[in-house]
Amino acid sequence: MTLLFARSTRKVPVHFMMAVLLFLMTSFSIQAQTDKKAENAKFNEKCLKCHGQSKYKYLNPESGTEVTKRMYIETIIDRNQFAESNHRNFKCTDCHSEDYDSFPHPGRLRMETKYACIDCHGGDEKYAKFKFEQIEAEFQASVHSTKHSDDFNCWMCHNPHTYKINARSDEKIKDIVAYDNAICLNCHADITKYQMLTDKVNPNIVQKHQWLPNQALHFKNVRCIECHARANDSILVAHNIQPKSKAVRRCVECHSTNSMLMATLYKYKVQEGRSKAGFYNGVIMNEGYVIGANRNYYLGLISLIMFGCVAAGILIHASLRIIKRKK
Ligand code: HEC
Ligand code: HEC
Ligand code: HEC
Ligand code: HEC
Ligand code: HEC
Ligand code: HEC
Ligand code: HEC
């Protein structure tokens with residue numbers, strides 16, 4: 001036994017030992033991460049027992065009885081949506097004050113300053129691919145920001161408790177469209193939300209787009225930002241919403257061989273497709289058919305050949321008849 005052990009230690013190479021060590025270390029850190037996630041989720045239940053549904057209960061210390069109350073609709077957080085959001089692993093108090101732990105919440109917390117995206121993501125290598133700084137600059141130039149710079153911030157479109165990336169993670173273009181358009185319609189189809197920012201009358205979206213044939217079909221297949229945000233090559237989702245006078249109206253912008261959708265809605269797939277197969281028209285071919293956007297060379301060639309054959313057939317037939325008649 002001792003001999004065997006001695007022999008085996010001699011035989012075990014250093015890098016094997018290192019690998020074992022590394023394995024143990026990573027599994028410990030993965031374990032630590034899952035522990036942390038579970039711990040945070042458990043902590044969040046302390047908040048969600050009240051904020052997770054339409055009713056909440058608390059013990060009235062004066063009377064010693066339990067009171068049931070209705071939760072304000074805008075302070076209700078959907079557990080399931082939170083669990084799928086980008087920040088699902090957070091503790092509520094990573095973004096909110098620790099003092100929310102007590103109830104009733106201290107009044108001064110209403111004035112709590114909230115983090116901006118850039119506070120956490122700015123200059124962070126890990127999120128470089130999202131290009132937060134460029135998005136910030138685009139947003140600053142957008143109509144929303146220029147008209148309502150103090151009140152309009154990133155959270156208005158990126159609900160802190162539900163926002164999740166879609167454009168680069170969802171397989172189905174239609175789902176991305178639905179998700180992204182819901183963000184805009186959240187205000188543009190809801191007068192109370194819209195008027196949190198302005199006293200103007202909310203323009204009726206359906207009426208204002210009456211000029212677009214098959215409006216419902218279009219809104220299922222293209223995003224609002226396709227027509228309303230200035231396309232930008234260097235970021236995936238354009239954030240510079242333009243004044244209405246600059247919105248895309250010309251059909252050929254999309255219904256043409258070099259559809260602008262290649263640089264907007266289909267961009268992520270186009271990039272992926274290019275790197276995989278070097279063939280980007282496939283994106284449109286698979287995803288549905290934008291009239292005019294895909295013209296297949298071989299189909300064209302085949303129909304030309306067929307046309308040629310038919311023409312030749314007619315010609316031969318006709319000349320044979322002429323020859324016959326002459327006889
Ligand atoms: C006993 C129920 C209860 C618990 C537990 C609870 N809250 Fe609340 N919370 C409320 C109610 C009711 C309101 C709305 C009235 C108010 O603002 O006090 C509220 C309001 C809030 C607000 C909005 C304040 C504002 O007006 O801007 C935040 C943020 C908040 N809670 C966070 C938390 C967090 C984080 C936790 C967990 C650490 C938590 N709450 C736990 C009942 C609760
Ligand atoms: C990534 C940061 C972040 C996390 C995590 C987070 N919140 Fe929030 N929460 C915010 C921000 C930012 C706002 C303000 C949104 C706004 O002003 O539109 C907010 C607003 C709220 C409000 C007030 C809603 C309103 O519109 O008045 C409540 C209640 C709340 N959060 C509770 C929670 C609870 C409970 C959790 C944990 C399940 C949680 N939050 C997790 C960032 C966060
Ligand atoms: C309090 C700090 C904080 C704030 C504020 C914050 N984030 Fe994050 N965000 C993080 C951290 C940390 C992660 C990584 C979470 C993880 O890996 O579980 C993350 C993840 C993300 C991801 C990547 C998700 C993925 O699956 O790769 C995106 C996109 C994102 N955040 C966008 C935003 C946007 C947009 C805002 C503002 C509306 C914002 N974040 C605000 C800290 C923050
Ligand atoms: C007018 C609405 C709106 C505002 C305001 C807004 N965004 Fe976005 N943002 C969107 C939409 C729509 C998407 C696409 C979501 C998807 O499908 O992934 C998006 C996507 C993103 C993404 C993911 C891009 C990617 O490459 O996957 C990041 C990061 C982001 N926004 C950051 C920000 C930051 C930072 C701000 C504030 C400076 C901001 N957004 C303000 C609408 C908005
Ligand atoms: C096919 C392109 C296209 C799409 C898709 C599109 N729009 Fe528009 N939109 C326009 C054009 C062009 C105008 C200008 C119409 C005018 O001046 O009468 C406009 C006008 C608007 C206006 C200004 C209305 C006013 O008169 O004040 C708003 C707000 C708007 N769109 C929001 C949206 C929202 C939200 C979506 C997504 C649900 C969307 N649009 C989708 C092209 C588009
Ligand atoms: C938080 C609410 C809110 C959200 C979310 C929102 N908007 Fe707006 N939007 C407004 C308000 C308010 C105005 C009116 C600004 C003004 O004229 O004072 C406006 C104006 C506009 C205009 C018209 C500008 C003009 O020239 O009159 C367009 C176009 C527009 N938004 C498109 C979008 C698109 C596209 C999205 C989604 C990516 C979006 N909005 C998301 C509130 C919102
Ligand atoms: C922002 C890009 C964009 C613009 C601008 C645009 N379209 Fe479309 N259009 C699409 C997409 C995407 C579809 C959906 C294709 C599909 O999957 O059926 C579509 C579908 C259609 C259809 C329906 C085809 C069918 O299968 O029934 C018609 C008709 C149409 N568009 C006409 C127009 C006209 C006319 C204009 C200009 C007034 C226009 N479109 C502007 C992108 C656009």
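Biologist: Quick one to start: what does R88 touch, leaving out residues up to four places away in sequence?

Modeller: R88 touches F82 and A83. Contact here means that the C-beta atoms of two residues, placed from the backbone, lie within 7 Å.

Biologist: And what sort of model are we looking at?

Modeller: This is a predicted model, where local features need pLDDT of at least 70 and side-chain atom pairs count only at pLDDT 80 or more, while totals for chains, interfaces and linings use all residues. Residues are numbered from 1 along each chain as its sequence is written, and chains are lettered from A and ligands numbered from 1 in the order in which they are written.

Biologist: Back to R88, then. Where is it found?

Modeller: R88 is in the loop between α3 (79-84) and α4. Helices (H or I, at least four residues) and strands (E, at least two) are DSSP runs, numbered from the N terminus. R88 counts as partly exposed because 15 other C-beta atoms lie within 10 Å. The cut-offs are 20 or more other C-beta atoms within 10 Å for buried, 12 or fewer for exposed, and partly exposed in between, with C-beta atoms placed from the backbone.

Biologist: How far is R88 from K164, C-alpha to C-alpha?

Modeller: Those C-alpha atoms are separated by 9.3 Å, with R88 and K164 76 residues apart along the chain.

Biologist: Zooming out, what does the secondary structure of the chain come to?

Modeller: 15 helices and two strands. Of the 327 residues, 11% count as buried. Among contacts between residues at least 6 apart in sequence, 52% join residues at least 24 apart.

Biologist: Which residues make up the largest nonpolar core?

Modeller: I173, I176, V177, V222, C254, L261, M262, L265 and Y266, nine residues. A nonpolar core is a set of buried Ala, Val, Leu, Ile, Met, Phe, Trp, Tyr and Cys residues joined through C-beta atoms within 7 Å. Apart from that one lies another core, of five residues, including I225, A229, A238 and I241.

Biologist: What does L265 touch, again not counting residues up to four places away?

Modeller: I173, V222, R223 and E226.

Biologist: Now α8. How does its reach compare with the expected one?

Modeller: α8 has 16 residues and reaches 22 Å from its first C-alpha to its last, close to the 22 Å expected at 1.5 Å a residue. The expected span is 1.5 Å times one less than the number of residues.

Biologist: Where is the kink in α8 centred?

Modeller: On A182, with a kink of about 30 degrees. The bend at a residue is the angle between axes fitted to the seven residues ending there and the seven starting there.

Biologist: Which residues of α8 are buried?

Modeller: I173, I176, V177 and D180. An α-helix has 3.6 residues a turn, so residues three or four places apart point the same way.

Biologist: On to ligand 6. Which residues are closest?

Modeller: C184, C187, C224, P243 and K244, out of 21 residues around ligand 6. Two or more residues each come from α7 (143-147), α8 (173-188), α9 (191-194) and α12 (224-228), and α8 gives the largest share, five residues. A residue counts as near if its C-beta atom, placed from the backbone, lies within 6 Å of the molecule.

Biologist: How does the shell around ligand 6 split by class?

Modeller: 12 nonpolar, five polar and four charged residues. Ala, Val, Leu, Ile, Met, Phe, Trp, Tyr, Cys and Pro count as nonpolar, Asp, Glu, Lys and Arg as charged, and the others, Gly among them, as polar.

Biologist: And which residues come nearest to ligand 5?

Modeller: C184, P203, C224, C227 and A247, of the 20 around ligand 5. The elements giving two or more residues to that shell are α8, α10 (205-208), α11 (215-221) and α12. By class, the ligand 5 shell has 11 nonpolar, five polar and four charged residues.

Biologist: Backbone check. Which peptide bond is cis, going into P104?

Modeller: The one from F103 to P104, with omega near -5 degrees. P104 is in the loop between α4 (92-95) and α5 (117-121).

Biologist: What about phi of N214?

Modeller: Positive, about 55 degrees, although N214 is not a glycine. Most residues other than glycine have a negative phi, and most peptide bonds are trans.

Biologist: Why does N214 count as exposed?

Modeller: Because N214 has 9 C-beta neighbours inside 10 Å.
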